[in-house]
Amino acid sequence: MILRESRGELSTAAFRECLHQRDARLNLEYDVAWANQFIIDHLLHLFPDSKFIILIRDSYTWLQSVTGHLISRDVPSDVLAFLKWWFKPERYPHSRYDRGLAEQGLFSIAAYLQAWNQHIDECTQSIPAYRRLVLRTHELARTHRRLADFLRIPGDSLDVDRGYQNRSTWSDRIESFVDPAYIDDMIQSICADNMALHFPELTSAQDVSKLWKAVPGELLT
């Protein structure tokens, strides 16, 4: 539906009617879907009493995670079509510094980081402050009380031991394909404002392990 709307094949009214019917059919108390980030305007319009939780992961480990998932798993053709719409490879082609990603069938560093930055901009700028809660992924186990207060539910109803279950199975590192200095430069170029706002303690990739040190299990997968 997102792709159809982007091509002008689905009207705003038709999209919203489908979402309304979906909500009535599923009767969800919580709608936890990563694709919600692309339909924020529709959700704000349809559900004026809803609240939104924006989960933000630092750009360094998000880049590692998304490339790891794509390189280690079979991606169905319909999902690949959506990824091409999302990451816009025609707008952000590979440079001579990240040709190694192209050889692995991955998009450019710029394509991924532009998507990361746009996600945060759209969610934080579109959703009114009183209807949103921004949480950092690596702090989920320590910020569950804030989440419970925001949702007005008992804090002990949240199981903090069941986080981080969708880990990548890829054991390699993106730095095996791309010079870490280039990744640092691109993050500073594209993501500097949001990184400074949401992750002020990160000035380079060297700081990432300290950020995630309290997270159980493998740190950066």
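Analyst: Let's begin at Asn27, which sits in the loop linking helix H2 (12-26) to helix H3 (40-46); helices here are DSSP runs of H or I with at least four residues, strands are E runs of at least two, and numbering starts from the N terminus. This is a predicted model, in which local features need pLDDT of at least 70 and side-chain atom pairs pLDDT 80 or more, while totals for chains, interfaces and linings use all residues. Residues are numbered from 1 along each chain as its sequence is written, and side-chain values use heavy atoms, leaving out hydrogens and water.

Asn27 is not a glycine, yet its phi is positive, about 50 degrees. Most residues other than glycine have a negative phi. Asn27 is exposed, with a relative accessible area of 66% (exposed means over 50%, buried under 20%, partly exposed in between, using a 1.4 Å probe and protein chains only).

In the loop between H2 and H3 you will also find Asn36, which counts as buried at 14% relative accessibility. Setting aside neighbours within four places in sequence, Asn36 is in contact with Asp31 and Leu43 (contact means heavy atoms within 4.5 Å). Asn36 and Phe52 are 16 residues apart in sequence, and their C-alpha atoms lie 9.9 Å apart.

Now compare Lys88, in the loop between helix H5 (77-87) and helix H6 (99-103). Lys88 has a positive phi of about 50 degrees, although it is not a glycine. With 18% relative accessibility, Lys88 counts as buried.

The largest nonpolar core has 48 residues, of which Trp86, Phe87, Ile109, Tyr112, Leu113 and Met195 touch the most other members. Such a core is a set of buried Ala, Val, Leu, Ile, Met, Phe, Trp, Tyr and Cys residues joined through side-chain atoms within 4.5 Å. Trp86 is in contact with Trp34, Gln37, Phe38, Trp62 and Ala115, leaving aside its neighbours within four places in sequence.

Last, a helix pair. Helix H4 (residues 59-72) packs against helix H9 (residues 180-190) at an angle of about 120 degrees, with their axes 11 Å apart. H4 is therefore oblique to H9, since angles under 35 degrees count as roughly parallel, over 145 as roughly antiparallel, 65 to 115 as roughly perpendicular and the rest as oblique. Axes are lines fitted to C-alpha atoms, for helices over the stretch in contact, and angles run from 0 to 180 degrees between N-to-C directions. Ser59, Tyr60 and Leu63 of H4 meet Ile183, Asp184, Ile187 and Gln188 of H9.
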